[in-house]
Amino acid sequence: MKKFVLCAVAALTAGAVLAESEFNRPYFTRENRHPDAGAWEAGVFSEYSKIDESGNNKWADWERKEFTAGVYARYGLLENLTAYGKLPFGHVDSDINDKHTGIRDISLGLELFAYEYTFEYPYVIPYVELTLATGDDKYNLGRGETDFAFGTSIGTTVYEVYHYVLDGRYNVNYNDDGVFSLAASFIWDLSYKFSLMAEAKGTSEDIPGESGAPVYFRGGMYYRATDQLCLAWYGGGAVNSNEKGMGAIRVAYLF
């Protein structure tokens, strides 16, 4: 009986550890890792990308380099409800519009952890996001209008180390007519501290000069330096898109 009680206490303790604040690792999707109620996740991020600006002009060889850096925060409003916000700044070096630096579009959102089976799988996370038109769209620093998006992430874990996430999303005002996107992520835990990631996202966006639906690919790695300090880095490209390549990094601290 004593051994049984000790095992039960150990299992409950492990469950409590799993319920603590966690860092969301994927680039395109949301997994069941979030700040605990009353806890914060604060971080910085940066991204560099090359964009083809030639469009339908097959004789042109114009491109745009974009660098974005900013801060973000996530807060556990309730045990199953997380609020977040992102404040980005950007620098654009364009062959068409020259160089410009300024604030990009600010985003705010809510994530509801609506369902999660015992031991963290499967799970369902509906979310809503508001993007404010704070960036100048004339210089590709913003979208030019306020956008509202809603979506749902559905994920599961297999053998405790393989994580699969599917995320469907609709942006109401993006590109005037709205854009639907579907993303998938695969995460492989090589250890408690280190994971490999592979992701893809397809959208209904119409890209000038491209005939097919754009699909974006990302590969990445995640490392948990301490129980509070986490970082992830990403890189990738696309097909049927004006994106020629990108790289990004994110560092966060859990309070």
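Which side chains meet in a salt bridge at 3.4 Å, N to O? I looked this up first. They are Arg30 and Glu129. I note that I am working on a predicted model.

**Entry: Arg30 and Glu129**

I placed both partners. Arg30 lies in the loop between helix 1 (2–18) and strand 1, and Glu129 lies in strand 7, so the pair ties together parts that are 99 residues apart in sequence. I then checked burial. Arg30 counts as buried because its relative accessibility is 11%, under the 20% limit. Glu129 is buried as well, with a relative accessible area of 11%.

**Entry: other salt bridges**

I counted 17 salt bridges. I looked at Arg25 and found its salt bridge with Glu31, where the closest N and O atoms are 2.8 Å apart. Both of these residues are buried.

I turned to Asp147. Its salt bridge is with Arg143, and the closest N and O atoms are 2.7 Å apart. Asp147 is buried, with a relative accessible area of 1%. Arg143, at 36% relative accessibility, counts as partly exposed. I also traced a network: salt bridges that share partners join Glu22, Arg25, Glu31, Arg33, Asp189 and Arg224.

**Entry: around Arg143**

I stayed with Arg143. It sits in the loop between strand 7 (123–131) and strand 8 (147–158). I listed its contacts, leaving out residues up to four places away in sequence: Asp105, Thr131, Asp137, Asn171 and Tyr174. Its side chain also makes a polar contact of 2.7 Å with the side chain of Asp147. I took one C-alpha separation here. Arg143 and Asn173 are 30 residues apart along the chain, and their C-alpha atoms are separated by 9.4 Å.

Thr131 counts as buried at 5% relative accessibility. Beyond its neighbours within four places in sequence, Thr131 is in contact with Asp105, Ile106, Ser107, Arg143, Glu145, Thr146 and Asp147.

**Entry: His163**

Is His163 buried or exposed? I found it buried, at 9% relative accessibility. His163 is in strand 9 (residues 162–171). Its side chain makes a polar contact of 3.0 Å with the side chain of Thr157. Setting aside neighbours within four places in sequence, I found His163 in contact with Arg25, Thr156, Thr157, Ser185, Phe186, Ile187 and Asp189. I also checked Ala39, 124 residues from His163 along the chain; the two C-alpha atoms are separated by 24 Å.

**Entry: strand pairing**

I went through strand 2 next. Gly43 stands opposite Tyr72 in strand 2. Strand 2 also pairs with strand 3 (residues 81–94) in the antiparallel sense, over 14 bridges. There, Lys65 stands opposite Asp93 in strand 3. How many residues link strand 2 to strand 3 in the hairpin? I found two.

**Entry: nonpolar patch**

Leu77, Leu78, Leu108, Leu110, Val128, Leu130, Phe148, Phe150 and Val172 make a nonpolar patch of about 700 Å². Strand 2 (63–78), strand 5 (107–112), strand 7 and strand 8 each give two or more residues to it. I checked one member, Phe148, which is in strand 8. At 37% relative accessibility, Phe148 counts as partly exposed.

Notes
Residues are numbered from 1 along each chain as its sequence is written. This is a predicted model: local features need pLDDT of at least 70, side-chain atom pairs count only at pLDDT 80 or more; totals for chains, interfaces and linings use all residues. Side-chain values use heavy atoms; hydrogens and water are left out. Helices (H or I, at least four residues) and strands (E, at least two) are DSSP runs, numbered from the N terminus. Contact means heavy atoms within 4.5 Å. A polar contact is a pair of N or O atoms within 3.5 Å; within protein, one must be able to donate a hydrogen and the other to accept it, and residues adjacent in sequence count only if both atoms are side-chain atoms. Patches are made of residues with over 30% relative accessible area and no salt bridge: like charges are joined within 9 Å, nonpolar side chains (Val, Leu, Ile, Met, Phe, Trp, Tyr) within 5 Å. Accessible areas come from the Shrake-Rupley method with a 1.4 Å probe; for residues, only the protein chains shown count as cover. A salt bridge is a side-chain nitrogen of Lys or Arg within 4 Å of a carboxyl oxygen of Asp or Glu. Buried means under 20% relative accessible area, exposed over 50%, partly exposed in between (1.4 Å probe, protein chains only). Two strands pair if DSSP finds at least two bridges between them.
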